[in-house]
Each structure stands twice: as structure tokens, then as C-alpha cells.
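The stops below are meant to be taken in order.

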Amino acid sequence: MDVNLLLVKKDGSFKTIPMPSRVTVLGRRRDCDLRIPIDSVSRRHCQLHNNGSAISIRDLDSTNGTIVNGHAVTESSINPGDKISLGNLNLIMQIDGKPEKLEINDSHDDVSDEMFAEFTDIEPDEELTEN
């Protein structure tokens, strides 16, 4: 199962962010699997889980909540094309290449060009991984 999050700008351009592992934590902290450096995103905001046949999302007691298709969720299954909102950031779930086309209204105005260019998987600092 090929799983990606799509970060879409209002001009229609987008960045594909591969889900780096079966369990992926999204948040502001440096030790998150996908670090999102936006103040409205909690340190450890949510967790995506890929069990090989389905994707689920779980809120990690975030301040602003995890929103899927406009509804606050504690835990939920995720389907291709679902819109995931974390604070001021909107992402689109892409599973096995679906959806193939994106609507510009899936974008978010608060994504700066700099953040768009730098949004990527961030490895934990070496000091955080020492025994």
C-alpha cells in the first residue's frame, strides 16, 4: 500500500509527502516522524497507522483537534481523498495513487512558499536517539 499526504497550495501546486513508516506521528516536536513547524499544530498532534490494508488516524490529545473531512475525530479510518486538518494546515490523503486529481479548494492559504519548499520528513536529533 503506497500512502502519501499531499500538501496543496492555493495555486494548485502540491507536495507529496510519503508516510515514512507503518505508524507515523505528526507534530511540531523534532522527534515526530513528520515534523510540522506551525504553531497551531501540537507538539505530538496525531498518529497515522497503516496496517497494510487500511489507514487510521488517532488524535494525540492535541490542542486544536484532528479534523477529518470537517469533523473532529478522536480516532477514525481514512480513505483516499480525505482532507485532514491539523491546526491551520490541510492535507489530502492519497492511497495507491488515489485521488489522481486534486481540487484547488483542497488547498490552504497559510502555507508559505518557504514552508512548502522545506516541508519534509525530519529525522530525530542524534541526542534524542542516544541510549
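The tour starts with the whole chain and then moves to single strands, loops and residues.

**Before selecting anything**

This is a predicted model, in which local features need pLDDT of at least 70 and side-chain atom pairs count only at pLDDT 80 or more, while totals for chains, interfaces and linings use all residues. Residues are numbered from 1 along each chain as its sequence is written, and side-chain values use heavy atoms, with hydrogens and water left out.

**Stop 1: the whole chain**

Colour the protein chain by secondary structure: there are two helices and eleven strands. Helices (H or I, at least four residues) and strands (E, at least two) are DSSP runs, numbered from the N terminus. Along the sequence the order is β-β-β-β-β-β-β-β-β-β-β-α-α. Of the 131 residues, 40% are buried; buried means under 20% relative accessible area, exposed over 50%, and partly exposed in between (1.4 Å probe, protein chains only).

**Stop 2: the largest nonpolar core**

Which residues have the most contacts inside the largest nonpolar core? Select Leu5, Leu26, Leu48, Ile57, Leu86 and Met93; the core has 23 residues. A nonpolar core is a set of buried Ala, Val, Leu, Ile, Met, Phe, Trp, Tyr and Cys residues joined through side-chain atoms within 4.5 Å. Strands S1 (3-8), S5 (46-50), S6 (55-59), S10 (83-86) and S11 (89-95) each supply at least two residues of this core, and S11 gives the most, with four.

Now centre on leucine 5. Apart from neighbours within four places in sequence, its contacts (heavy atoms within 4.5 Å) include Leu26, Leu34, Leu48, Ile84 and Met93.

**Stop 3: strand S11**

Select S11, where seven of the seven residues are buried. Leu89, Leu91, Met93 and Ile95 point one way, and Asn90, Ile92 and Gln94 the other way. In a regular strand the side chains alternate between the two faces of the sheet.

Two strands pair if DSSP finds at least two bridges between them. S1 and S11 run antiparallel and are joined by five bridges; leucine 6 stands opposite isoleucine 92. S10 and S11 also run antiparallel, with four bridges, and isoleucine 84 has leucine 91 as its bridge partner. The hairpin of S10 and S11 has two residues between the strands, and glycine 87 takes a positive phi near 60 degrees there.

**Stop 4: aspartate 82**

Go to the loop between strand S9 (75-78) and S10, where aspartate 82 is placed. Aspartate 82 is buried yet has no salt bridge, and the nearest side chain of opposite charge, lysine 83, is 11 Å away. A salt bridge is a side-chain nitrogen of Lys or Arg within 4 Å of a carboxyl oxygen of Asp or Glu. Among the contacts of aspartate 82 are Val68, Asn69, Ser77 and Leu91.

**Stop 5: the open sheet**

Select the five strands of the open sheet in the order S4-S3-S5-S6-S9, with mixed pairing. S4 (34-35) and S9 stand at the edges with a single partner strand each, so one side of each is left without a neighbour in the sheet. S6 and S9 pair in the antiparallel sense over four bridges, and serine 56 stands opposite serine 77.

**Stop 6: backbone details in loops**

Asparagine 69 lies in the loop between S7 (66-68) and S8 (71-73). Asparagine 69 has a positive phi of about 50 degrees although it is not a glycine.

Finish in the loop between S11 and helix H1 (113-118), where proline 99 is found. The peptide bond from lysine 98 to proline 99 is cis, with omega near 5 degrees.

Methods:
Lys and Arg count as positive and Asp and Glu as negative; His and the chain ends are not counted.
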